[in-house]
Amino acid sequence: KKKPPKMRVAVVGATGMVGSVMLKLLEERHFPIKEMLPVASQRSVGREILFKGKLHKIIGLQDAIDAKPDIAIFSAGGSTSLEWAPKFAEAGTTVIDNSSAWRMDPNKKLVVPEINAEVLTKEDKIIANPNCSTIQMVMALAPLHKKYQMKRVVVSTYQSVSGTGVKAVKQLENEISGHRGEMAYPYPIHKNALPHCDVFEENGYTKEEMKLAREPQKILDDRTFSVSATAVRIPTAGGHSEAVNVEFENDFNLKEVRQILHATPGVTVQDNPDTNTYPMPIYAHDKDDVFVGRLRRDETQPNTLNLWVVSDNLRKGAATNAIQIAEYLLHHELV
């Protein structure tokens, strides 16, 4: 097989939480790069960041477009993506966007490579990366859905402050050390839990909860199941956890459920109550897999399974997934 060509890659939002993990992963995964373009907001332009042992100057968005990158990976918030992703696309760049801006746009693909990468074509110039809590949930549920057909999912999340960003991580650190500082949340997060991820919508749910309801249907291209979510921010530094209750149309065998998950690329089963083995954010940290455990039958109704799903939200929940999309495009000659 011939070696893929080297790419000119822009990382938009290079100084943010996800952006810095993207740079680290592009290096770790040996993505073939001929030129790296770190891009950030005006206040960071001119600063230097390290990539593959070399210092690279941060540039602005227009300069990045003028440099004509093959791929631009965005993690700079929804408004930046809405305004700038089409400009990159117009210049011939393929954009992989980590914000919520394009996810539910009927003309844009929403991709988790292990599940639906085959929907991608050369014509897709803006590709959406799903929400972090959605990605880990569908990674665990997609293979089970294929076998048993999901009917209804009820999920409660336990989400880390790193999902909010640098400011939130700083708030938690300040509160732990007793310093006063800028607040990312309306309340303290240390020794607390906030049932408030993203903004509240008309229906009383938060935007995060609605992402969990809508995105899985699009990724799995199936509207026959529904998802009801409660999203909670907890004082962990990194890694999201989810308690998932899923009702299937067809009955399952727990042993078979374990086998199916065990055979799913990107999923690791950690499930042995005898040895206190179960997924935890402290263990998922800096790993790319989605960890699944606490598998048990819901004894209150038929065909229903309980599971606990944990993943590093900055990696598979964001940066890893985006780079896997880029790798897929490259290996299938779609860029």
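The legends below describe close-up views of helix packing and of selected residues in a predicted model.

Residues are numbered from 1 along each chain as its sequence is written, and side-chain values rest on heavy atoms, with hydrogens and water left out. Because the model is predicted, local features need pLDDT of at least 70 and side-chain atom pairs count only at pLDDT 80 or more, whereas totals for chains, interfaces and linings use all residues.

**View 1. Helix α5 against helix α8.** Two packed helices are described by the angle between their axes and the distance between the axes. Helix α5 (residues 132–148) packs on helix α8 (residues 254–262) at an angle of about 125°, and their axes are 9 Å apart; helices here are DSSP runs of H or I with at least four residues, strands are runs of E with at least two, and both are numbered from the N terminus. The axes are lines fitted to C-alpha atoms, for helices over the stretch in contact, and angles run from 0 to 180 degrees between N-to-C directions. The pair α5 and α8 is therefore oblique, given that angles under 35 degrees count as roughly parallel, over 145 as roughly antiparallel, 65 to 115 as roughly perpendicular and the rest as oblique. The crossing of α5 past α8 is right-handed, a term for a near helix turned clockwise from the far one by less than a right angle, with anticlockwise giving a left-handed crossing. From α5, Ala140, Pro143, Leu144, Lys147 and Tyr148 meet Glu256, Val257, Ile260 and Leu261 of α8, where contact means heavy atoms within 4.5 Å. The residues of this contact between α5 and α8 comprise seven nonpolar, no polar and two charged; Ala, Val, Leu, Ile, Met, Phe, Trp, Tyr, Cys and Pro count as nonpolar, Asp, Glu, Lys and Arg as charged, and the others, Gly among them, as polar.

**View 2. Helix α5 against helix α10.** The axes of α5 and α10 come within 8 Å and cross at roughly 90°, and the two helices are therefore roughly perpendicular to each other. Cys132, Ile135 and Met139 of α5 meet Lys316, Gly317 and Asn321 of α10. By class, the contact of α5 with α10 has three nonpolar, two polar and one charged residues.

**View 3. Helix α5 against helix α7.** Helix α7 (residues 207–219) packs on α5 at an angle of about 45°, with the axes 9 Å apart, and the pair is therefore oblique. The crossing of α5 and α7 is right-handed. On the α5 side, Cys132, Ser133, Thr134, Met137 and Val138 take part, meeting Glu208, Lys211, Leu212, Glu215, Pro216 and Ile219 in α7. This contact of α5 with α7 divides by class into six nonpolar, two polar and three charged residues.

View 4. Asn131 lies in the loop between β8 (126–128) and α5, and with a relative accessibility of 4% Asn131 counts as buried; buried means under 20% relative accessible area, exposed over 50%, and partly exposed in between, for a 1.4 Å probe and protein chains only. The side chain of Asn131 makes a polar contact of 2.8 Å with the side chain of Ser133, a polar contact being a pair of N or O atoms within 3.5 Å in which, within protein, one must be able to donate a hydrogen and the other to accept it, while residues adjacent in sequence count only if both atoms are side-chain atoms. Leaving aside neighbours within four places in sequence, Asn131 is in contact with Arg103, Glu208, Lys211, Glu215 and Gly317.

View 5. Asn313 is found between β14 (304–311) and α10 (315–331), and at 3% relative accessibility Asn313 counts as buried. Its side chain makes a polar contact with the side chain of Ser160 at 3.2 Å. Not counting residues up to four places away in sequence, Asn313 touches Cys132, Ser160, Ser162, Gly163, Gly238, Gly239, His240 and Ala318.

**View 6. Val169 in helix α6.** Val169 belongs to helix α6 (residues 166–177) and is buried, with a relative accessible area of 15%. Apart from neighbours within four places in sequence, Val169 is in contact with Met17, Val161 and Ser162.
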